[in-house]
Amino acid sequence: MTRICGNASEFAHSALHGYSLVHRDLVRMVRGGVVRAKPGRAGKVAVVVGGGSGHYPAFNGYVGTGFADAAVAGDIFASPSTQAIYSVARRAERGGGVILGFGNYAGDVLNFGIAAERLRREGIDTRLLATTDDVASADVGDMARRRGIAGDMTVFRIVGAAAEAGLDLDAVEAVGLRANRQTRTFGVAFEGCTLPGEADLLFHVPKNRMALGLGVHGEPGIDEQDIPPPAQLAHVLLDRILKELPADAPRRVAIVLNGLGSTKHEELFVLWEALAPLLAQAGLTVIAPLVGEYVTSLDMAGCSLTMTWLDEELERYWRAPVETAVLRHAGITGEPDATDSVMEHEPPVVYAQAGTQAGQRGGLCVAQTMARLAQALAAAEGELGRIDAVAGDGDHGQGMARGSAAAAQAARQAAHAHAGAATVLAAAADAWADRAGGTSGALWGEGLRAFSTALDDVSVPDAPQLVHGVRYAMERIMQLGRARVGDKTLMDALVPFVETLERACDQGRALRDAWQAAADAAQKAADATRDLLPRMGRARTHGTRSLGHPDAGALSLALCLRVAGEGLPAVVDPMSVSTFPMQPVSGENPVLDAFRS
């Protein structure tokens, strides 16, 4: 439902009023819509756009220098009335005639048409421009029946710039008609939208499915399919448009990748990453692309791709300066540079090779251990995320999985370059911190790097080195994070592990047995964090919410310690150990069992 609604019948009016208060530097609210706060010059062609509300920033957000002179707003998904269109156009008219721009829907065609007749009877030359860019709504041979959707953005933008440049009414109309003929849009919807005041969506799309060619008011689409990966979705959108690209069409295009209301910008950028190379492969040069929300449908989940192929004149207007709520930029000059969007590759890392065969074996030991950690944390990702979400932001599982995977890859590369144990672990530490990010990533990265200082590059790690390593890691993490036992952090598991390991080794126990005992102590301490209140990190602000739930950081650490110990031989002796055995992670995992319980 719409959570900030008030009187549902007044929703559109309230939204329009609120918009005009925020953007008073750009617009003034009048009966039925908004007009420019600073009217265009005398004699200018007035561009008045409009349609139903619920599509912001269409159409109010288009008003400003270089775009529209005014916008008319109907009720939600409903055409504005004839009187509203007439009234707003009269306010916007500057003596050069009026262009009325709208989507090709029956109510809009009727009301804008009647308003145009009234304006003409009063001596105001008025032209109609109905956008027809939706390729899913009719065949190419029946363009007049097509709907206007996100193509409103490119067509009205070009028309507004032409009017701003001083063209007369006939020339502005010709530019608009040509831009509309050369604009195509195809969209998909993942879920419906909610009308203000209603408790359920206007329509539903089955889970994990998407509707193809759905209209911005929920009009039926042409097909339905499973939601594909981004690369395949890019093909779905682009291929349908390219089918209508004439062979002699200009190869320079304006592109709008549009979100329909609840598809996040980050999702659109992921899709653009997949689209960009496809556009290049099609031989198209993209001029000033737009990625974001430009024609929405309340809170509909979905996106659309709009393409306008640009001749020299249309490109000039597409690049022209503009100042509106949705789009503000100076004139865009210069040619697109494909290298701007290419990620520069890091120079290959050169590792110092281990001086001995034992050193190389030590590097392989570390790499194999990191691979085991990555495997275990990938399996635990969901559980760790669910636990973290109780009193955190739910990203701990993802961060640990990402960090360990990157660390495993970096360790493998270093080991293949014949680096020793210290170098391999240092490389893994940096990769973990870089990929995991956040507080946890930094602490794990620095902890592993501190661990690496206890090792060397000429031998297989022995028991004293490993014991010193975990001590160095603990002290570094404690120094940086400032957490202590009882704060409900990973320190609650790490401190008992280090103390138990040191004590067991001092008593002469074999490393594998000592490590197992220490891992058991860490697991027990991690489980016991369910009885603690957090005193550090994000969770501390949630107070008692986390009581009764173990700390995700302590559990993930306990898991890692147990998995690392499973790879240890009974006795670590540089003279007898070739590598730590690379065994699959056990199907029985006490840590995961603890999660489930």
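I took a residue as buried when its relative accessible area is under 20%. The model I examined is predicted.

Entry on burial. I looked up Phe 77, whose relative accessible area is 18%, and therefore I list Phe 77 as buried. Phe 77 sits in the loop between S4 and helix H2 (82-92). Its phi is positive, about 60°, although Phe 77 is not a glycine. Across the protein chain, buried residues make up 54% of the 597 residues.

Entry on the loop between S3 and S4. I found two cis peptide bonds here. One runs from Tyr 56 to Pro 57, with omega near 15°; Pro 57 is placed between strand S3 (46-53) and strand S4 (70-76). The other joins Ala 58 to Phe 59, with omega near 10°, and Phe 59 belongs to the loop between S3 and S4.

Entry on other positive phi values. Leu 298, a residue other than glycine, has phi near 55° and lies in the loop between strand S12 (290-292) and strand S13 (301-309).

Entry on the whole chain. I noted 17 helices and 15 strands. The radius of gyration is 32 Å, whereas a compact globule of 597 residues would have one near 25 Å. The C-alpha trace spans about 105 × 50 × 40 Å along its principal axes. Of the contacts with a separation of 6 or more, 72% link residues 24 or more positions apart.

Definitions and conventions: Residues are numbered from 1 along each chain as its sequence is written. This is a predicted model: local features need pLDDT of at least 70, side-chain atom pairs count only at pLDDT 80 or more; totals for chains, interfaces and linings use all residues. Side-chain values use heavy atoms; hydrogens and water are left out. Helices (H or I, at least four residues) and strands (E, at least two) are DSSP runs, numbered from the N terminus. The radius of gyration is taken over C-alpha atoms; the globule rule is 2.2 Å times the number of residues to the power 0.38. Buried means under 20% relative accessible area, exposed over 50%, partly exposed in between (1.4 Å probe, protein chains only). Contact means heavy atoms within 4.5 Å.
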